[in-house]
Amino acid sequence: MKIFPIFIPFLGCPLRCIYCQQGFITNQKDISEREIKIDNLIEQLDTFCRKYKKEDIEIAFYGGSFTLLDFQIQAKLLKGIEKYSKYTSGIRVSTRPDGINMNVLRFCQSHNIKTIELGIQSFSDQVLAANKRIYGSERAIESCNMIKRNKIKLGIQLMPGLFKSNRQTLAETVSKTIAIKPDYVRIYPTIVLRDTELASYYEEGIYQPLKLEQAIDICADMKIEFDKHNIKVIKTGLHSDLSLTEEAVVAGPYHPSFGELVVIEVYYRSVKDKLKLYEIEQEKSPENNPFTLVISDKAVSLFWGHNRQLLHKIKAIWGTSTLPVIVDKELSLKEFRLTKQHPANTW
């Protein structure tokens with residue numbers, strides 16, 4: 001899937017949530033409805049569609065609450081990209097749960113909108129209220145189910161580490177997400193951004209953000225749980241060039257490669273669990289029963305990137321100073337296995 005993003009920061013939003021600073025997140029200044037000009041993007045969109053014409057393409061509106069805009073404004077935006085519909089499988093929009101009703105969904109169906117991403121953030125009423133999300137868990141669930149019933153793809157955005165959140169509210173959120181069974185999930189651990197109410201809470205000592213290691217562990221837990229229930233996690237962490245904006249991040253678990261760090265943690269846990277199972281089955285330790293780790297060629301960069309963090313951690317559980325490896329191009333990124341074959345490499 002190739003996505004052409006069109007950012008409309010804050011447009012349609014009834015108020016600003018305590019953590020939100022979409023100007024930094026989208027790298028664009030706030031705009032008014034009068035300033036929306038699709039014409040400026042047409043040349044880029046034309047090039048994009050031609051470049052990826054053999055792939056599945058969606059045009060996506062991000063950064064605001066699309067369905068809370070006046071229908072005339074929505075129609076104007078969609079009209080501007082109408083001639084590119086022949087290149088795409090549909091249009092994707094982001095909005096809030098309180099921006100969904102049957103009139104909205106009928107409009108979406110009649111304008112080639114195939115996917116709706118809901119910024120749920122949490123399914124805890126306590127957390128939603130503390131972060132100025134003006135809807136409750138019940139409304140969020142109702143909106144999700146309404147989208148699904150009307151045969152529109154559903155994406156859910158979640159934010160661990162929000163103000164007033166804890167392990168219990170997060171477990172509640174994960175459980176309710178699994179029950180809904182969205183088509184995919186995005187996970188954005190909460191970052192304290194400049195010029196937000198949350199930044200004031202942090203400076204006053206009212207709010208303490210997750211540390212990087214905590215956020216990686218939590219997101220890995222969430223990803224593993226969603227994977228078990230065949231719910232795809234398409235992104236973890238904010239985009240990698242957020243740090244390029246001037247002093248945007250005040251505090252919190254921001255890392256330009258956050259998503260890859262989560263993948264590394266999940267991969268490490270999988271190998272660790274497999275190794276334990278292998279030892280139980282063999283009733284022997286690795287030293288007395290040597291074997292080789294077979295990995296995908298797509299996973300090699302995980303082992304060698306980030307100061308070889310994954311390599312060192314797996315060598316530690318292997319109990320040796322070197323790791324016997326075979327690289328198999330037929331395996332997918334997540335796949336690996338243990339074998340008695342002689343290693344092709346020792347790392």
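Student: How many of the residues of the chain count as buried?
Tutor: Of its 347 residues, 51% do; buried means under 20% relative accessible area, exposed over 50%, and partly exposed in between, with a 1.4 Å probe and protein chains only. This is a predicted model, where local features need pLDDT of at least 70 and side-chain atom pairs count only at pLDDT 80 or more, while totals for chains, interfaces and linings use all residues. Residues are numbered from 1 along each chain as its sequence is written, and side-chain values use heavy atoms, leaving out hydrogens and water.

Student: Why is glycine 99 called buried?
Tutor: Its relative accessible area is 3%, and the cut-off is under 20%, so glycine 99 counts as buried.

Student: Which residues does glycine 99 touch?
Tutor: Leaving aside residues up to four places away in sequence, they are Thr67, Leu68, Val104 and Arg139; a contact means heavy atoms within 4.5 Å. Leucine 68 is 31 residues away in sequence, yet its C-alpha is 5.3 Å from that of glycine 99.

Student: Which residues of helix H3 are buried?
Tutor: In H3 (residues 71–80), they are Ile73, Gln74, Leu77 and Leu78; helices are DSSP runs of H or I, at least four residues, and strands runs of E, at least two, numbered from the N terminus.

Student: What makes these line one face of H3?
Tutor: Seen down the axis, the buried residues fall within an arc of 130°, so they line one face; the arc is that of the directions from the helix axis to the C-beta atoms. On the other side, Gln72 and Lys79 are exposed.
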